[in-house]
Amino acid sequence: MLKRSLLLTLLAIFSACFAPSIWAAETTVTTSYTAITAFGPVNTLQQNVPEGEKVIISADGQNAYRVKTIKVTDEAHLIRLMGAATENELTDLQKGLLETYRFARQAEFDSLKTRIPGQSKTIDLNLVDITGYTDTSRYTKITDDFWPQNSRTYRRSSDGFELHSEIRISGTDCLGYGSDTARSMQSTFAHEFGHALDKTFTEANAYGHDGAHYVNEKIEPKASFAEGFANFIKMLFFPEEEKEFRDSLKTVKIERPQGGYDEYPIASVQISGEGFLDIEAINALIFTRLAADLPDGQKLVLDSFEKHNQQENRMSRFLQNFIKDYPQHATVVAQTLDRETFGRLSDADVRLILGNNPDVQKYLAARSSPNVTPPAPQPEEKYQVITHKNGTIYKWKDAQGNWQFTDQPPPAGVEYTTRGSTATPGKASPVKIENPDTDPFIIGY
Amino acid sequence: MIKQVAGLQLLMMLMILTSLIHGRLYANQFSYVFPPNISLQIVDQIEEAGKIRLTAIIESRLGTIEDLEIFFESSKDLRILSNASVIKSVPQASPRKVKILAVKTGQKADEMGSWLKMGVRFTPDYQAIKAAVNDKQIYPDDFERQKLLNVVEKNLSENARYLEAVRHFVNR
């Protein structure tokens, strides 16, 4: 009896440690479909749960969902599971689930699938059908409860960590998108798939108080790198979204430790040096432009990323490795970094980020030469502060055209700029307004 | 000997457990979602003599939704006797009730169990959507709000019809 149980234990260890190598040849996305079969108070739903179903407790803590999950065998099977005879009877979100299923199987993904780190190259795609629960005024936590995500498990193996991704797509981020629903859900999948390629282990509390992030929010370096890379993968399939990322960078959001955001022009003193690389949209654009501007750039970016992929990924490290891998492209890397950070990096910042490369040095020397066109000037910016923060100073012109500096916002409709009295930790120091006309804070007003 | 083996087993199980760690979840990418256009509910299930009677409630949540085409689907063990129908419009705060009658067919339910579904294809009130999204109190972020407005304009230019449904699982 003891021998038998010991044998079983050893078998379990063997499975846990070596099974991935057995699957090594497979590169697959396995898909499951989940439907909500009931919603109600937790206590009620936890009683007599039908076989094959499970209970998910809502973020409100009071209610729960019963859900049933079934592995999808093919497209026709998925349509049947969604309760339709043909595609025409699918809801907008269900069409999105079907299109995501198709999208995940298209040939363009195959070359990316081989880049999934570790020996086990499987990804679980869970399509969650929230049909009947899209009324957010009644099901107030439905978006929180089923927001799309990539939940990952690391498994220790002989050569480090195995990474296993489970991507959940539900369409809760595309409610009410009508005919644009399916495209948006595919785009979300591409982003989450990008995370599946990436070993970055993001910082604790990387996303700030609310745990969410805007594309133009300053977050922690590893998190902004990971999100930027995921957005880059998305833009490989949806290049038209590059414009959206550029448009978002008119301002940058900084979350306060206690919650809420302040918003500043990208060129403000709130962001400097490597701090620009803490914004995921900037990282996404650096990846995207390198891939687009260099010959065979997409392959070069992906190869270099894969080669150096590790838990401590961040953009400066990626760029230094990229230059080591492809020294002939150092100038383009420097140009790209310079352009995507709006020409705001000093020579020292660029050297710190890219390392001491002769071509980088040449680029820096050329950009400061009067014969060379400097980086494009900043477009005119407007300040907007989402909510008032104590200690904020507002600069605005009154009806007579005189500059006013106040600690309260100006009358509604009056354009203004602001400066917080406190600095972003570790980045910028408080600056007193000595002379409003020469204040470096006043940029492009 | 027994203690030694049990201890070894415990140790090995601990090794397995500690070899699996959950990676930190990536956080939610912030994006606004539209306010709901429509609310669909199925209530009051009454079962008698092989028949199932239900009431569906259709409500507009935003302005007046128009040209509603209502249709039904069910698992193989049920047949819905109610006909597909059309409703010209449903204004906000004027819910409409739809009676549904289904009978058991004697066949087995499918993988998802025993269920029936009411689908509604409709034209949303685009002007009401635009007005709602333009509310800067609810959608304060200019960039994210504009993304929603772009989606509305695209749907409006295509005169896109929306399709929502509610699925009722029987005996729950």
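# Questions and answers on the fold

Trainee: What share of the contacts in chain A between residues at least 6 apart in sequence join residues at least 24 apart?

Mentor: This is a predicted model, in which local features need pLDDT of at least 70 and side-chain atom pairs count only at pLDDT 80 or more, while totals for chains, interfaces and linings use all residues. Residues are numbered from 1 along each chain as its sequence is written, and chains are lettered from A and ligands numbered from 1 in the order in which they are written. Two residues are in contact if their C-beta atoms, placed from the backbone, lie within 7 Å. For chain A, with the separation of at least 6 applied, the share joining residues at least 24 apart is 67%.

Trainee: What percentage of the residues of chain A count as buried?

Mentor: A residue is buried if 20 or more other C-beta atoms lie within 10 Å of its own, exposed if 12 or fewer, and partly exposed in between, with C-beta atoms placed from the backbone. The secondary structure of chain A comes to 15 helices and twelve strands; these are DSSP runs numbered from the N terminus, helices being H or I with at least four residues and strands E with at least two. Of its 445 residues, the buried part is 41%.

Trainee: Which helix of chain A gives the most to the side of domain 1 that touches domain 2?

Mentor: The domain assignment, which is automatic or from a database, gives domain 1 as 19-197 and domain 2 as 200-382. Their C-alpha centres lie 30 Å apart, and the contact takes ten residues from domain 1 and 13 residues from domain 2. On the domain 1 side, six residues come from one helix, spanning residues 181-196, namely H7 of chain A.

Trainee: How many residues of H13(A) are buried?

Mentor: Among those buried are Ala330(A), Val333(A), Leu337(A) and Glu340(A). Their cover includes H10, H12, helix H14 (347-354) and helix H15 (358-368) of chain A. H13(A) is mostly covered, and of its eleven residues the buried count is eight.

Trainee: At what angle do helix H10 and helix H13 of chain A pack?

Mentor: In this pair, H10(A) residues including Ile282(A), Leu285(A) and Arg289(A) meet H13(A) residues including Val332(A), Thr336(A) and Glu340(A). The contact divides into seven nonpolar, one polar and three charged residues, where Ala, Val, Leu, Ile, Met, Phe, Trp, Tyr, Cys and Pro count as nonpolar, Asp, Glu, Lys and Arg as charged, and the others, Gly among them, as polar. Axes are lines fitted to C-alpha atoms, for helices over the stretch in contact, and angles run from 0 to 180 degrees between N-to-C directions. With axes 10 Å apart, H10 (residues 280-293) and H13 (residues 330-340) pack at about 145°.

Trainee: How is H11(A) oriented to H12(A), parallel or perpendicular?

Mentor: The axes of helix H11 (residues 297-308) and helix H12 (residues 315-325) of chain A come within 10 Å and cross at roughly 110°. Angles under 35 degrees count as roughly parallel, over 145 as roughly antiparallel, 65 to 115 as roughly perpendicular and the rest as oblique. Therefore H11(A) is, relative to H12(A), roughly perpendicular.

Trainee: Is Val72(A) buried or exposed?

Mentor: Val72(A) lies in the loop between strand S3 (63-71) and helix H3 (75-81) of chain A. The C-alpha atom of Tyr33(A), 39 residues away along the chain, is separated from that of Val72(A) by 6.3 Å. Because 20 other C-beta atoms lie within 10 Å, Val72(A) is buried.

Trainee: What percentage of the residues in chain B are buried?

Mentor: Chain B has three helices and ten strands. Residues 24 or more positions apart account for 72% of its contacts with a separation of 6 or more. Of the 172 residues in chain B, the buried ones make up 33%.

Trainee: Which residues is Thr123(B) in contact with, leaving aside neighbours within four places in sequence?

Mentor: Thr123(B) lies in strand S9 (residues 115-123) of chain B. Thr123(B) counts as partly exposed because it has 18 C-beta neighbours inside 10 Å. Lys154(B), 31 residues away in sequence, is 14 Å from Thr123(B), C-alpha to C-alpha. The contacts of Thr123(B) are Ile65(B), Glu66(B), Asp67(B) and Arg161(B).
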